[in-house]
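Here is my notebook from an afternoon of looking things up, written so that you can follow along at your own screen.

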Amino acid sequence: MATQIRKVAVLGAGVMGQGIAAHLANAGVPSVLYDIVPKGLADGEPRSKLAIDGIVNATKLKPAAFYKKELSSLITPANYEDDGALLGECDLIIEAVVENIKIKNIVFDWVEKNRAPHAIVATNTSGLSLDEMAAEMSPEMRAHFLVMHFFNPVRYMRLLELVIGPDTRPDVAQAVADFGREKMGKGIVFGKDTPNFIANRIGTFGMVSVFHHMGALGLTVEEVDAVFGPAMGRPKSAVFRTADLVGNDTLSHVLETVHAGCPDDEMRERFVVPGWLTKMVEEGATGDKGGKGFYMKSRDASGGRVILARNLETGEYAPAAKVRFDSLGKARNKESAGDKVKAVLAGDDKAAQFAWKVTADTLIYSANRIPEIADDIVNIDRSMRWGFAWDMGPFESWDAIGVAESVERMQADGLTVPAWVLSMLQSGRKSFYERDAQGRMTYWCVGSGGSKLVDQPSSWLILPDLKAQQKVVAFNPSAELYDLGDGVLGLSFRTKMNALDDGIVELAHRALDELDEGKWEALVIGNQGGNAFSAGANLMMVGMAAMQGDWKTLETMIETLQTTLQRAKYSKRPVVTAPWGLTLGGGAEVAMHSAHTQAAGELYMGLVEVGVGLIPAGGGCKEMLTRYLGDIPEGTEYDPNPFVQAAYKNIALAKVATSAEEARAIGYLRPTDRLTLDPDQLIHDAKKAALGLAQGGYTPPRKRRFKLPGPQGRAAIELFLYQMHEGKYATDHDVVVGKELARVMTGGDIPRGRWFDEDEVLALEREAFLTLCGMEATQARIQHMLMKGKPLRN
């Protein structure tokens with residue numbers, strides 16, 4: 001059997017090697033990062049300089065490659081000449097050198113001489129032939145060899161494509177798949193040994209289809225990106241901004257690879273590199289790394305920043321124009337990705353015509369690639385969602401717009417629909433994905449010509465699956481209660497951005513009531529879908545009540561939220577929260593009031609209420625004081641000021657952690673809270689933690705008391721505010737808000753060093769919140785945030 005993977009070697013300290021080593025560190029896996037000994041080293045310079053520089057560079061990358069920079073200590077720099085012995089300590093070896101098969105074979109020869117016999121060897125190639133690379137390897141090494149194709153940036157792109165060779169041992173492939181998913185949090189798909197594998201093959205065809213149709217319709221670069229952005233279920237970077245990020249030289253190379261390596265591809269001529277792209281690469285317009293590409297940053301006459309877009313015919317740049325199409329406007333009013341796509345394709349303007357032509361081409365092309373690049377539609381759909389950040393894969397998109405209706409439209413346009421799609425419709429099945437009588441998701445299998453269950457790990461707990469299996473216990477327009485199994489209840493939010501409102505609080509109270517009554521062993525609070533665990537309180541409700549002077553409603557709203565979260569924290573049965581993505585304001589307060597937090601690695605968490613002229617009033621201030629002071633035994637003589645000031649600054653500066661480890665360092669997470677890197681496994685792990693607490697004889701924590709500095713401590717904080725104001729870092733209203741926050745965090749008008757309990761801090765939170773709600777400047781900030789989506793600096 002394949003050895004357990006405990007230590008990894010990464011060969012090549014370039015961009016991909018840095019990203020892979022960094023994400024291994026995020027997962028807690030030590031690695032050795034190799035590169036060559038550079039020529040012309042000065043006296044005293046380390047022979048592993050390239051690897052050392054690679055590690056240093058990885059700590060500076062934006063977006064950040066590490067969950068926190070200190071994790072770089074898990075990476076050992078090395079070079080091929082001196083450190084062959086270190087390779088023998090590694091269980092997995094990932095080659096990430098330049099995409100040149102001759103150079104790769106030189107590296108593999110070195111690996112063969114230095115690896116341990118059990119070590120798995122993988123290549124991170126983006127499209128070179130596995131068979132060609134394996135040809136000169138020993139039979140034993142070929143049995144341990146496969147493709148592990150990561151996507152850049154490694155931390156953020158979930159996809160990991162695995163390609164298994166004819167000689168690869170099944171247990172080796174399984175060990176890598178398990179390690180990639182369970183340890184690194186990757187979404188695993190299995191491709192074939194074909195040029196560019198799955199995601200790049202489909203993704204680049206989508207791009208060349210854009211190139212093919214945009215000229216005929218007279219569309220500009222910025223118009224194309226407006227169409228194939230969020231309105232069509234694609235990321236904001238759309239087509240040309242994505243190309244600039246990846247590199248237009250890389251795009252050109254990928255197109256050449258498909259054109260040369262796929263002589264039987266029915267759309268092969270689409271992959272001929274356009275003349276204007278060749279010209280761009282020749283002149284250095286390679287994208288972000290070249291300083292210009294399809295877009296270029298510049299300055300206008302007044303010195304302001306301006307984004308220029310390239311005219312593909314002339315090669316000239318001009319300010320990017322604002323794009324408006326009726327079909328795109330209609331899509332903005334839709335909630336789901338599927339409804340947005342349908343709205344665009346139903347239009348009759350130029351954007352809708354373009355979207356349909358590219359979409360129809362891409363759907364047909366994807367269907368024709370089975371079984372060439374993958375055995376089933378599931379691997380293709382997952383590849384595009386996880387590797388290209390599409391909201392839906394090709395076949396999920398086809399289902400959303402209606403398979404029969406779109407096939408009829410394709411045929412009317414003279415397009416040839418793959419025979420297996422027509423056979424599926426003739427069988428009476430109307431969509432590629434359907435649920436069976438037990439609520440399980442099935443897909444249409446091209447090979448068997450029938451239905452198969454979608455394969456997924458047993459550790460995935462998917463809420464829509466539970467809903468289809470009649471596991472919803474209760475619901476209202478804002479939230480749902482699920483039976484997660486084994487006596488664990490789940491609370492999930494369903495508002496826009498999962499913003500907290502009365503309906504969520506109502507169902508939370510019901511869940512806690514049932515917990516108290518012994519109907520359940522534990523409660524897990526977690527959500528799936530979108531990009532937010534919870535973006536905070538419902539600002540519309542707060543703003544309307546404030547502008548109407550309805551102070552009673554506001555006070556009741558805040559007090560109810562405080563009571564609910566205190567109940568969760570001190571419930572006699574464990575409440576476990578599972579935050580991920582945006583966890584802001586009230587969402588952070590929900591996450592913090594728990595017996596345990598099982599957090600996603602990708603966590604963007606902070607108490608950000610000061611941005612709209614308010615303070616945290618759901619217990620956020622109290623919890624930050626608890627995190628900084630609550631573990632100090634009562635009766636201990638200490639100066640509370642440094643602790644209070646540190647907690648204060650996190651809130652006053654609206655500090656948002658950009659990972660779970662940063663959240664732990666700030667105090668939003670506790671040292672005992674745990675991480676899950678696979679987002680689909682998060683609720684499963686939270687449930688497991690909740691059961692562990694319940695079965696271990698859980699008892700709730702005691703309420704904390706802490707010593708606060710009073711007016712003397714507040715004076716020190718107000719000096720900080722004065723300095724921020726004088727330095728133009730804080731506005732007049734920022735100072736007002738900061739002073740109210742300081743009063744809460746220091747205990748109000750109390751004698752220095754008095755011990756404070758949690759309820760007293762909660763009372764101060766309510767008082768400050770209501771005071772700020774009554775101010776016109778705060779109301780203006782709330783209104784601006786609701787209308788513009790960003791804070792007002794007044």
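**Ground rules.** I am working with a predicted model, where local features need pLDDT of at least 70, side-chain atom pairs count only at pLDDT 80 or more, and totals for chains, interfaces and linings use all residues. Residues are numbered from 1 along each chain as its sequence is written, and side-chain values use heavy atoms, with hydrogens and water left out. My helices (H or I, at least four residues) and strands (E, at least two) are DSSP runs, numbered from the N terminus.

**Entry 1: a helix pair.** I began with helix α8 (residues 199-217) and helix α16 (residues 377-387), whose axes come within 9 Å and cross at roughly 70°. Axes here are lines fitted to C-alpha atoms, for helices over the stretch in contact, and angles run from 0 to 180 degrees between N-to-C directions. The two helices are therefore roughly perpendicular to each other, a label for angles of 65 to 115 degrees. Which residues make the contact? I found A199, I202 and G203 on α8, facing I380, S383 and M384 on α16; contact means heavy atoms within 4.5 Å. Sorted by class, the contact of α8 with α16 has 4 nonpolar, 2 polar and no charged residues. For that sorting, Ala, Val, Leu, Ile, Met, Phe, Trp, Tyr, Cys and Pro are nonpolar, Asp, Glu, Lys and Arg are charged, and the others, Gly among them, are polar.

**Entry 2: a covered helix.** Next I looked up helix α14 (residues 337-345), where 7 of the 9 residues are buried, so this helix is largely enclosed by the rest of the structure. Buried means under 20% relative accessible area (1.4 Å probe, protein chains only). The buried residues of α14 are A337, G338, K340, V341, A343, V344 and L345. They pack against α13 (326-332), α15 (350-368), α17 (394-401) and α18 (403-412).

**Entry 3: the three-stranded sheet.** I then traced 3 strands that form an open antiparallel sheet in the order β12-β13-β14; strands pair if DSSP finds at least two bridges between them. β12 (433-435) and β14 (450-453) are the edge strands, each pairing on one side only. Neighbouring strands are turned by 40° against each other on average, direction ignored. β12 and β13 (residues 441-445) share 3 bridges, and I noted E434 with its partner T442 and R435 opposite M441. Their hairpin has 5 residues between the strands, with G439 in the turn at a positive phi of about 80°. β13 and β14 are joined by 4 bridges, and Y443 stands opposite K452. The hairpin of β13 and β14 has 4 residues between the strands, and G449 takes a positive phi near 70°. Is β13 mostly covered or uncovered? It is mostly covered, with 4 of its 5 residues buried.

**Entry 4: the seven-stranded sheet.** Last, I followed 7 strands in an open sheet of mixed pairing, ordered β15-β16-β17-β18-β20-β22-β24. β15 (472-476) and β24 (674-676) are at the edges with a single partner strand each, so one side of each is left without a neighbour in the sheet. The twist averages 20° from one strand to the next. β15 and β16 (residues 479-485) pair in the antiparallel sense over 4 bridges, with V472 opposite Y482. Helix α21 (residues 502-516) packs on this sheet, its direction making about 150° with that of β15. Helix α28 (residues 682-695) also packs on the sheet, at about 165° to the direction of β22 (596-600).

Notes: Parallel < 35°, antiparallel > 145°, perpendicular 65-115°, else oblique. Buried < 20%, exposed > 50% of the residue type's maximum accessible area, 1.4 Å probe, protein only.
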